[in-house]
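Take a walk through this structure with the text below as a guide.

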Amino acid sequence: MEVSGYKPTPPKLAMPRRKRICPSCGRKGYGKICHYCEQQKAAIERQERTLNEKRQKKKEWEATFEQDPIDLRALPDHVVVKARNIIMGLSNEQNYRYFGGKRLRHNRQIISIPVTRNYRMICRNDNGNTLPLEVLSHEDYNVCKPGG
Ligand SMILES: [Zn+2]
């Protein structure tokens with residue numbers, strides 16, 4: 001063993017970690033990954049996923065209107081759901097009175113069924129069948145007086 005040239009190895013110091021500047025955001029940080037940019041990226045991906053899910057849901061929702069015997073597209077969602085419920089009931093030969101429907105006094109062939117407080121479904125009596133014609137808001141209803 002050579003003693004003369006012996007130099008005790010200095011205790012290993014932790015490698016001084018060098019800060020590097022992130023090329024995309026300019027922030028200084030340790031390590032290869034910029035945590036700020038990683039978080040940003042993840043947040044954007046999350047947003048895109050939610051947005052895509054929303055778009056997909058909207059598309060599916062819009063497609064359901066093609067099944068309706070009358071156009072319900074202009075109505076608020078909860079009105080659409082209730083109107084479909086009534087349409088389904090009527091097509092299963094449930095009486096319009098079950099839904100609180102009434103014949104109009106000035107035109108007995110027209111039946112008005114409340115959908116919500118603000119909407120009513122106008123139907124036509126056709127040989128005892130109640131055929132939906134349209135869903136009107138209270139305002140529209142008062143303006144056009146269906147069947148009048
Ligand atoms: Zn960065």
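Leaving aside residues up to four places away in sequence, Ile 86 touches Phe 99, Ile 113, Val 115 and Met 121. Touching here means contact: two C-beta atoms, placed from the backbone, lie within 7 Å. The model is predicted, so local features need pLDDT of at least 70, side-chain atom pairs count only at pLDDT 80 or more, and totals for chains, interfaces and linings use all residues. Residues are numbered from 1 along each chain as its sequence is written.

Ile 86 belongs to the largest nonpolar core, which has 16 residues. Such a core is a set of buried Ala, Val, Leu, Ile, Met, Phe, Trp, Tyr and Cys residues joined through C-beta atoms within 7 Å. Buried means that 20 or more other C-beta atoms lie within 10 Å of a residue's own; exposed means 12 or fewer, and partly exposed is in between. Ala 83, Ile 86, Ile 113, Val 115, Met 121, Cys 123 and Val 135 have the most contacts inside the core. H2, strand E4 (110-114), strand E5 (119-126) and strand E6 (129-137) each supply at least two of its residues. The largest share, 5 residues, comes from H2. In soluble globular proteins, nonpolar side chains tend to be buried together.

Now look at H2 itself. Helices (H or I, at least four residues) and strands (E, at least two) are DSSP runs, numbered from the N terminus. H2 has 15 residues and reaches 21 Å from its first C-alpha to its last. Its buried residues are Val 80, Ala 83, Ile 86, Ile 87 and Leu 90. They cover an arc of only 130° around the axis, which puts them on the same side of H2. That arc is taken from the directions from the helix axis to the C-beta atoms. Their cover includes E4, E5 and E6. On the other side of H2, Asp 77, His 78, Val 81, Asn 85 and Met 88 are exposed.

What follows H2? Glu 93 does, with a positive phi near 65°. Further on, Arg 97 sits in the loop between H2 (77-91) and strand E3 (102-103). Arg 97 counts as exposed because it has 12 C-beta neighbours inside 10 Å.

H1 (residues 35-64) makes another picture. Helix H1 has 30 residues and reaches 44 Å from its first C-alpha to its last. H1 is hardly covered: its count of buried residues is 0.

Finally, step back. The protein chain has 3 helices and 6 strands. Their order from the N terminus is β-β-α-α-β-β-β-β-α. Of its 148 residues, 14% count as buried.

Key: Expected span 1.5 Å × (residues − 1).
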